[in-house]
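Hi,

Here is the structure I promised to pass on. My notes follow below it.

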Amino acid sequence: FFSSNNLIKKTGSFYRGFGEVIFFRGIITDSFGVPINNAIVEIWQANSAGKYHSLLEPNSEYIDPYFNMSGKAITNNVGEYNFITIMPGSKVGRAPHININVYHPKFGKLETESYFENHPNNKSDYQYTSYDKIDAELLTAKVSYSEVNNPKSVKICTFNIVLQGTHQYKKY
């Protein structure tokens with residue numbers, strides 16, 4: 001995983017990856033809603049063509065030389081994480097999604113993926129449709145726009161994560 005939360009531009013590069021820029025963010029909390037700081041969040045995803053570079057030949061036309069396919073962030077003191085990336089492309093049988101690992105010494109490891117609210121390919125994704133309605137909703141990032149009345153502005157995709165367990169600061 002690259003150590004940056006900026007997937008659209010490799011360090012030192014003048015150029016950015018191809019595709020629609022999105023902000024992917026969220027808050028990580030415990031079972032009682034208490035924010036968890038210092039959680040490590042790793043994401044990886046397909047490029048805008050729906051391809052993972054690691055599965056392609058080195059000279060494939062689908063490789064985007066400017067796009068980091070993975071990144072890492074650490075939650076702040078109120079549990080927030082954020083990434084700047086591109087909207088992943090679709091491939092046959094799958095909707096665009098972002099793969100996520102979350103690590104924290106007191107809460108362990110979580111592996112999950114996030115889909116995008118109201119994306120038309122969600123209905124035909126074999127993985128997404130295998131979840132019941134409640135689980136599918138939990139795995140779906142809410143999509144809003146940087147300019148409320150402008151659907152052509154930058155998408156802000158919010159995916160909050162709840163880690164099982166209770167925080168050390170919660171007392172009853």
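Is Asn-47 buried or exposed? Asn-47 counts as buried because its relative accessibility is 1%; buried is under 20% relative accessible area and exposed over 50%, with partly exposed in between (1.4 Å probe, protein chains only).

Before the rest, some ground rules: this is a predicted model, where local features need pLDDT of at least 70 and side-chain atom pairs pLDDT 80 or more, while totals for chains, interfaces and linings use all residues. Numbering starts from 1 along each chain as its sequence is written, and side-chain values use heavy atoms, leaving out hydrogens and water.

Back to Asn-47: it sits in the loop between strand E2 (40-45) and strand E3 (70-74). Strands are DSSP runs of E, at least two residues, and helices are runs of H or I, at least four, numbered from the N terminus. The Asn-47 side chain makes a polar contact with the side chain of His-53 at 3.1 Å, and a polar atom of that Asn-47 side chain lies 2.7 Å from the backbone oxygen of Tyr-62. A polar contact here is an N or O pair within 3.5 Å; within protein, one atom must be able to donate a hydrogen and the other to accept it, and residues adjacent in sequence count only if both atoms are side-chain atoms.

As for the whole protein, it has one helix and nine strands, in the order β-β-β-β-β-β-α-β-β-β. Of its 172 residues, 41% count as buried. The C-alpha atoms fill a box of roughly 60 × 40 × 35 Å along the principal axes.

Cheers
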